[in-house]
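Here is my friendly note for your next look at the coordinates. Please keep the viewer open while you read.

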Amino acid sequence: MLRIDQISKRFGGVQALDSVSFELKQGQVLGVIGPNGAGKTTLFNCLTGVFQPEQGQVQLNNPKRDLVGRRAETIVKWGISRTFQNIRLFSGMSVLEHILVGGYTQTPYGFLSTVLRSKNFHRQEYEVQTQAYALLELLGLEHLKQQSAVDLPFGLQRRLEIGRALAAQPKILLLDEPAAGLNPVEKQELLQVIQAIQKRGVSVILIEHDMQVVMPLSDWVVVLDHGRVIAQGDAVSIQKDPQVIEAYLGKASEDA
Amino acid sequence: MTASQLFLQQLSNGLTLGSIYALIALGYTMIYGVIQLINFAHGEVFIVGAYAALCVMSMTSLQAVMPWWLLLGLAIVVAMFVSALLGWVMERLAYRPLRTAPRLNALITAIGMSFFLQNALMLIFGATDRSFPNWVPAVRWDIGGVTLTLMHIIIWVSSALMMLGLHFLVMKTQLGMAMRATSQDQKACYLLGIPVNRIISMTFMIGAVFASVGGVLFGLNYGTINFHDGYMMGLKAFTAAVLGGIGNLPGAMIGGLVLGILESMGAGYLSSQWKNVFAFVILVIILIFKPRGLLGERVAERA
């Protein structure tokens with residue numbers, strides 16, 4: 001579905017990504033873990049057109065498309081959308097409005113049809129609304145649709161971020177630390193939401209620190225450290241990998 | 001004329017002038033909201049609209065085949081189109097290349113654009129006043145000693161309708177939502193796949209459409225237009241936008257009306273030569289107490 005082949009990115013003297021390769025298969029949840037500064041968010045930024053990797057290829061299959069050098073707009077249109085590590089919701093806008101803004105790419109009607117309220121416009125508007133409601137229901141936010149987004153509790157704000165990304169109707173959803181700052185109950189709810197998304201046929205790449213979130217969800221885990229993939233495999237084998245335990249899990253258990 | 005008649009008469013004049021200010025001020029405030037640029041050339045967009053309408057209305061061949069109201073309607077549509085095109089071209093050629101440059105660079109470019117357009121208009125249409133056909137029948141009503149004209153009512157109603165339309169566009173359509181989102185976090189919008197450049201272009205065009213209607217109403221109401229009217233009206237409308245709280249749409253409408261009324265009151269109670277002084281003194285006083293304008297929100301600190 002998505003093949004990342006030997007991508008590298010350097011910032012000044014720092015090699016943020018060093019020949020990173022892995023593959024996301026259709027319908028999978030792929031977890032990317034690694035200590036702070038390992039290059040996880042840089043990886044997302046290279047996949048979504050924020051940064052261009054200096055080397056390597058990012059390829060989308062069916063239809064075959066090369067993502068390197070593309071604008072974010074195009075990449076979203078091709079079916080990859082994302083959430084942000086720091087929540088970036090819009091103040092003064094309701095929950096429903098966030099979903100509608102997220103779906104903007106899917107409704108390419110122009111200014112004239114908006115002003116002239118053409119028949120096409122009404123039909124599209126109806127479809128967009130229906131989809132937005134379905135999405136809110138999936139996320140359990142439908143009773144809050146008129147609420148101001150920034151007034152929601154933290155956990156629901158994170159969920160709305162996911163909803164806004166899903167509104168673009170992606171084939172691949174990139175989640176940047178969706179569990180950060182959530183309490184145990186909210187984490188459980190997040191697990192269920194991600195599983196529901198997977199069931200709808202959306203593949204997911206998940207950056208996450210929290211092993212209790214990554215391990216049960218991920219079909220495949222990629223471990224980054226200092227910009228390099230130090231291990232990848234299914235969740236069970238990764239938890240046993242001595243290199244991973246040393247670089248990451250080991251330290252985490254010492255902290256705890 | 002009694003005191004209350006004078007007051008009501010000036011109020012009516014002020015509402016008329018204020019409606020035109022408000023139509024222009026909306027463009028300043030929308031553009032500022034989306035890219036934090038004071039588009040000083042927006043006043044020229046306003047007067048270009050008036051000139052475009054004048055050109056259409058002066059065509060004798062069209063006058064022969066159309067009733068006046070149809071030709072006026074056509075003139076307004078052409079004015080909107082020409083101004084929108086100007087707004088689009090201006091953004092595309094002058095401001096977009098400077099999007100990432102320091103804000104002052106774009107501001108200076110805007111001032112340059114304003115001078116450029118003023119001089120271009122002077123070369124094309126001459127430096128003297130051009131008379132603007134007043135085709136709206138001079139119907140007037142005398143209500144308790146206060147004179148209301150059909151023209152005033154047309155200005156009030158059409159600007160109120162346009163503002164309602166804009167409110168609907170911004171609050172209820174997906175385009176409007178994308179505009180509001182872009183004004184808050186352009187980077188996030190870009191990453192969400194919103195065509196940020198197109199949204200900004202559309203903001204310029206919508207602002208220009210409002211200014212052009214203001215331009216036509218201005219010409220119809222005052223009977224003459226001049227290339228430097230754009231500069232003066234633009235400056236006043238900018239003031240109105242700041243008075244209402246720049247970046248805030250209802251603020252621009254209220255700011256426009258308040259400024260128009262203040263000016264008329266100044267003209268009525270002091271003298272017409274002192275109307276600007278009066279208006280700006282009040283403006284300074286308001287801004288001392290409400291530095292962000294009448295409806296300006298406190299800018300929340302972002303973590």
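The points below go from the chain contact to the sheets and then to the salt bridges.

1. Some ground rules. This is a predicted model, where local features need pLDDT of at least 70 and side-chain atom pairs count only at pLDDT 80 or more, while totals for chains, interfaces and linings use all residues. Residues are numbered from 1 along each chain as its sequence is written, chains are lettered from A and ligands numbered from 1 in the order in which they are written, and side-chain values use heavy atoms, with hydrogens and water left out.

2. The interface. Chain B brings 26 residues to the contact and chain A brings 28 residues, contact being heavy atoms within 4.5 Å. About 2600 Å² is buried between chain B and chain A, with 64% coming from carbon and sulfur atoms; buried area is the accessible area (1.4 Å probe) that two parts lose on being put together, summed over both. Of what chain B buries against chain A, B:Gln174, B:Leu191 and B:Leu192 supply 29%, more than any other three residues.

3. B:Arg180 and A:Glu97 form a salt bridge, with their closest N and O atoms 2.9 Å apart. On the side of chain B that touches chain A, helix 6 (150–172), helix 7, helix 8 (186–191) and helix 9 (196–222) of chain B each give two or more residues. Helix 7 of chain B gives the most, with 7 residues. Helices (H or I, at least four residues) and strands (E, at least two) are DSSP runs, numbered from the N terminus.

4. B:Thr182 sits in helix 7 (residues 174–184) of chain B. B:Thr182 counts as buried because its relative accessibility is 1%; the cut-offs are under 20% relative accessible area for buried, over 50% for exposed, and partly exposed in between (1.4 Å probe, protein chains only). Its side chain reaches the backbone oxygen of B:Ala178 at 2.7 Å. Beyond neighbours within four places in sequence, B:Thr182 is in contact with residues including B:Val34 and B:Ile199.

5. Strand 8 of chain A. Which strands pair with strand 8 of chain A in the parallel sense? Strand 3 (residues 29–33) does so over 4 bridges, and strand 7 (residues 172–176) over 5 bridges; two strands pair if DSSP finds at least two bridges between them. A:Gly31 has A:Leu206 as its bridge partner, and A:Ile172 stands opposite A:Ser203. All 5 of the 5 residues of strand 8 (residues 203–207) are buried, so this strand is largely enclosed by the rest of the structure.

6. Salt bridges around B:Glu263. B:Glu263 and B:Lys236 meet in a salt bridge (3.1 Å, N to O). This pair links distant parts of the chain, with B:Glu263 in helix 11 (residues 249–270) and B:Lys236 in helix 10 (residues 229–244) of chain B, 27 residues apart. Both B:Glu263 and B:Lys236 are buried. B:Lys275 also forms a salt bridge with B:Glu263, the closest N and O atoms being 3.8 Å apart. At 29% relative accessibility, B:Lys275 is partly exposed.

Note on methods:
Polar contact = N/O pair within 3.5 Å; in protein donor to acceptor, adjacent residues only side chain to side chain. Salt bridge = Lys/Arg side-chain N within 4 Å of Asp/Glu carboxyl O.
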